[in-house]
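Please read it with the model open.

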Amino acid sequence: MTDQFLFPITEEHEMIRLAARDFAQKEIAPVAAEFDESGEFPSKTIKKMGEMGFMGIEIPEEYGGAGMDTLAYVLALEEICKADAAHGTIMSVNNSLFCYGILRFGSEEVKQKFLVPVASGEKIGAYSLTEPMSGSDAGTMRSRAVREGDHYKINGRKSWVTSAPVADMILLFTMTEPEKKHRGITAFLIETDKPGFTRGKKEPKLGIRASATSEIVFEDYCVPVENRLGEEGEGFKIAMAVLDAGRIGIAAQALGISEAAYQASLSYAREREAFGQKIGQFEGIAFKLADMKTRIEAARLLTYNAAMAKERSKTTGERYSLEASMAKLFASETAMFCAHEAVQIHGGMGYSKELPVERYFRDAKITEIYEGTSEIQRLLISRLETELR
Ligand SMILES: Cc1cc2nc3c(=O)[nH]c(=O)nc-3n(C[C@H](O)[C@H](O)[C@H](O)COP(=O)(O)OP(=O)(O)OC[C@H]3O[C@@H](n4cnc5c(N)ncnc54)[C@H](O)[C@@H]3O)c2cc1C
């Protein structure tokens, strides 16, 4: 396969890929439909994923992680998402949006307090940038942190926080100097068992239903100065750097959904008969499969390339925003394309809850929305291209 000779897939990578595949197929796939239906958070399987090192793959072992590289993370996440994208969302937020941010920007004390328990899977981490009136445009957020001596007092409402209903710790972005817009945003680490923090209602969602999402509310919540991540006003820079890493995770998630949709379609096309032949023998169906396969391979190349670019940046310090955005944009649109075609190839059964293809269709859509919509990725890619020229 392409990934074998274009990318340095080592024995260690192969081991984590197979471990993730085995776990996902044996432990997650059989319960995925049930958790999708109930919308319940899959605590047991997530706990086991923590024990297997999947909740902090790129975090060094001294901070509770598995000490592997970005490609290992992508390969494992792809396998988890082939079985269930909701488990993948929880894993991705924990790894890239919470742990990576602290590893990159946290002091030693902050790493010990917040990174070790979350990277080891003992506790769950979340990331909170979005607000009811501020999504793509973070500079308009209304929540506030006001410094009072050795602590800040936080007030406001944040929305769409993945894992918030169960999270122990949250990387929060809020305004310290609103007049400076995005340059007035500061990052804080929040412990959810402290007074002044409450969780809002769980969002009823179209897809990734087992990944709990809710609003969070701060009412005179006191956060000590030492729980600030970076300096005042550095929050936007941190949020965007963390999203670069996150977008590679979403690309891997999209790749997993695409592959699951393709495999299901291929099997169905080989079995289902119409007009006296297998439906895969009709050119109309065979061409759909050819397009799915080709787009998946292109998405894989972009995703693994972005993983390699992130890995290189650990030594060169070079940005990998362009690679991450292109991978996220293309892989998410590939997931939507493949899931749409998969439903069509399955005909009426594609619309039925008896098969997982309708779930792939519902789950695929989110990859075009969170961590920057497709429109925002196009905006970023066009700007980054202008910068580089
Ligand atoms: C299931 C789920 C989980 C999520 N998890 C998290 C999380 O854990 N943490 C977190 O902080 N957020 C999270 N989000 C929020 C998510 O990142 C935002 O929904 C997303 O960034 C879009 O913001 P918005 O919903 O406010 O849309 P808006 O910004 O209001 O955009 C609406 C539409 O306008 C378009 N648009 C906006 N600006 C432009 C522009 N400049 N040019 C062209 N088109 C534009 C958008 O692309 C979109 O089509 C989650 C969302 C969902 C649905």
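1. Start with the source. This is a predicted model.

2. Look at helix H5, residues 85-105, and helix H7, residues 235-271. Their axes come within 9 Å and cross at roughly 155°. An angle over 145 degrees counts as roughly antiparallel, and H5 and H7 are therefore roughly antiparallel to each other. Their crossing is right-handed.

3. Next, the residues in that contact. On the H5 side they include Gly88, Ser92, Ser96, Tyr100 and Arg104. On the H7 side they include Ile238, Ala241, Ala245, Gly249 and Gln253. By class, the contact of H5 with H7 has eleven nonpolar residues, eight polar and one charged.

4. H5 also meets helix H3, residues 43-51. The axes of H3 and H5 come within 11 Å and cross at roughly 50°. That angle makes H3 oblique to H5. This crossing is right-handed. H3 contributes Thr45, Ile46 and Met49, while H5 contributes His87, Ile90 and Met91. Four of the contact residues are nonpolar, two are polar and none is charged.

5. Now turn to the ligand.

6. Check the polar atoms around the ligand. Threonine 130 places a polar side-chain atom 2.7 Å from a ligand nitrogen atom. Threonine 162 has a polar side-chain atom 2.8 Å from a nitrogen atom of the ligand. Leucine 129 uses its backbone: an N or O atom there lies 2.8 Å from a ligand oxygen atom.

Definitions and conventions: Residues numbered from 1 in each chain as written. Predicted model: local features only at pLDDT ≥ 70, side-chain atom pairs only at ≥ 80, totals over all residues. Heavy atoms only, no water. Axes fitted to C-alpha atoms, helices over the stretch in contact; angles between N-to-C directions. Helix = DSSP H or I, 4+ residues; strand = E, 2+ residues; numbered from the N terminus. Parallel < 35°, antiparallel > 145°, perpendicular 65-115°, else oblique. Left-handed = near helix turned anticlockwise from the far one by under 90°. Contact = heavy atoms within 4.5 Å. Nonpolar A, V, L, I, M, F, W, Y, C, P; charged D, E, K, R; others polar. Polar contact = N/O pair within 3.5 Å; in protein donor to acceptor, adjacent residues only side chain to side chain.
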